[in-house]
Amino acid sequence: MRKAEAVKKLFASYVANRKDIVETLLTEDFTFSSPRDDRIDKATYFERCWPQPPVFRDIIIERLFENGDDVIVGYRAEKITGAAFRNLELIEFRGDRISSVEVYFGRDI
């Protein structure tokens, strides 16, 4: 699977609340960073970043660039409440699995 396709699968799984699919996309030593998180591990990522009940109605990928082991994705996230925002992410791969995600927060729209 191309890396860009894996990223699309990641976001589709997030909206569908399919953590089980995402677990297969991530390396065992996966890390997640954002302005609120500094290289948290996979277990902490699932605790913090997979709210229950789900909060997203849709995530629309607006930009997607693949370069070697890196994918940069820009997206619009629409919450069930009607609120929306844009973010950018740098997603790094090791082989065919995601080894890290760095999120750069955008603005509410």
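**Terms and their grounds**

Student: How do you know that α1 has close to the expected span?
Tutor: α1 has 13 residues and reaches 19 Å from its first C-alpha to its last, close to the 18 Å expected at 1.5 Å a residue. The expected span is 1.5 Å times one less than the number of residues, and a helix is a DSSP run (H or I) of at least four residues, numbered from the N terminus. This is a predicted model, in which local features need pLDDT of at least 70 and side-chain atom pairs count only at pLDDT 80 or more, while totals for chains, interfaces and linings use all residues. Residues are numbered from 1 along each chain as its sequence is written, and side-chain values use heavy atoms, with hydrogens and water left out.

Student: Which residues of α1 are called buried, and why?
Tutor: Lys3, Ala4, Ala6, Val7, Leu10, Phe11, Ser13 and Tyr14 are called buried because each has under 20% relative accessible area (1.4 Å probe, protein chains only). Their cover includes α2, α3, β3, β4, β5 and β6.

Student: What makes a set of residues a nonpolar core?
Tutor: Such a core consists of buried Ala, Val, Leu, Ile, Met, Phe, Trp, Tyr and Cys residues joined through side-chain atoms within 4.5 Å. The largest one here has 27 residues, and Leu10, Phe11 and Tyr45 are among those with the most contacts inside it. The largest share of this core, 5 residues, comes from α1.

Student: What does Tyr45 touch?
Tutor: Not counting residues up to four places away in sequence, Tyr45 touches Leu10, Tyr14, Val22, Leu26, Phe30, Phe32, Ile40 and Trp50; contact means heavy atoms within 4.5 Å.

Terms used:
Helix = DSSP H or I, 4+ residues; strand = E, 2+ residues; numbered from the N terminus. Buried < 20%, exposed > 50% of the residue type's maximum accessible area, 1.4 Å probe, protein only.
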